[in-house]
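Thanks for coming. I will take you through one structure, a piece at a time, and then stop.

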Amino acid sequence: MYQKTRLLSGEVSQTEVVQAGVTIPLGSRLWPEYEAWLAAGNTPTEPGPLPAYVPTSVKMWQAKAALAAVDKLDAATAAINFGGTVPLKLAWEYATDLSRSSAAVASIGAVLGMSSADIDALFVAAEQIVV
């Protein structure tokens, strides 16, 4: 069975398919087999949606502005000042960037009652903030 692929633009590709985890581009030695399969009346499955984009990092000021927008900045600051390590407190005060993969982000998010999806949404919103 073959599956269509999706381009980064979101459109379905007309020049490649996937079979058993292997991408088969137009012009590949395997493409004639795909065309024969199509000619036999088969239809490839549609590709799934692109995964949602979540920035891997944002500027610290953007993260704090996004937290302020959802009324969580004071709670985050208090949680860090009360229970954070010295390096975490210094990072909260002086870091220029905040990484989504940071264990501290997950921990503070949990303290604030935020799910992983909530944190992802916060990073997406933060990246949109410009001054």
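In helix H1, Trp31, Tyr34 and Trp37 are buried; buried means under 20% relative accessible area, exposed over 50%, and partly exposed in between, with a 1.4 Å probe and protein chains only. Around the axis these three residues cover an arc of only 115°, which puts them on the same side of H1. That arc is taken from the directions from the helix axis to the C-beta atoms. An α-helix has 3.6 residues a turn, so residues three or four places apart point the same way.

Before going further, this is a predicted model: local features need pLDDT of at least 70, side-chain atom pairs count only at pLDDT 80 or more, and totals for chains, interfaces and linings use all residues. Residues are numbered from 1 along each chain as its sequence is written, and side-chain values use heavy atoms, with hydrogens and water left out. The pLDDT is the predictor's confidence in each residue, from 0 to 100. The chain averages 91, and 99% of the residues score at least 70. Confidence is lowest in strand E2 (residues 12-19), at a mean of 86, and highest in strand E4 (residues 57-59), at 97. Helices (H or I, at least four residues) and strands (E, at least two) are DSSP runs, numbered from the N terminus.

What do the buried residues of H1 pack against? They pack against E2 and E3, where contact means heavy atoms within 4.5 Å. H1 (residues 31-39) lies across those two strands and runs at about 100° to E2. Axes here are lines fitted to C-alpha atoms, for helices over the stretch in contact, and angles run from 0 to 180 degrees between N-to-C directions. After H1 comes glycine 41, with a positive phi near 95°.

Now the sheet itself. Three strands form an open sheet in the order E1-E2-E3, with antiparallel pairing. E1 (3-6) and E3 (22-25) stand at the edges with a single partner strand each, so one side of each has no neighbour in the sheet. From one strand to the next, the twist averages 45°. Two strands pair if DSSP finds at least two bridges between them. E1 and E2 pair over three bridges, and arginine 6 has valine 12 in E2 as its bridge partner. E2 and E3 pair over four bridges, and there glutamate 16 is partnered by proline 25 in E3. These two strands form a hairpin with two residues between them, and alanine 20 in the turn has a positive phi of about 50°.

**The helical part**

Next, helix H3 (residues 73-83). Its buried residues are Ala76, Ala79 and Ile80. Seen down the axis, they fall within an arc of 95°, so they line one face of H3. Asp74 and Phe82 are exposed on the other side. The cover over the buried residues of H3 includes H2 (60-69), H4 (86-94) and H5 (103-111).

Threonine 85 sits in the loop between H3 and H4 and is partly exposed, at 49% relative accessible area.

Leaving out residues up to four places away in sequence, arginine 100 touches several others, including Val54, Pro55, Val105, Ile119 and Phe123.
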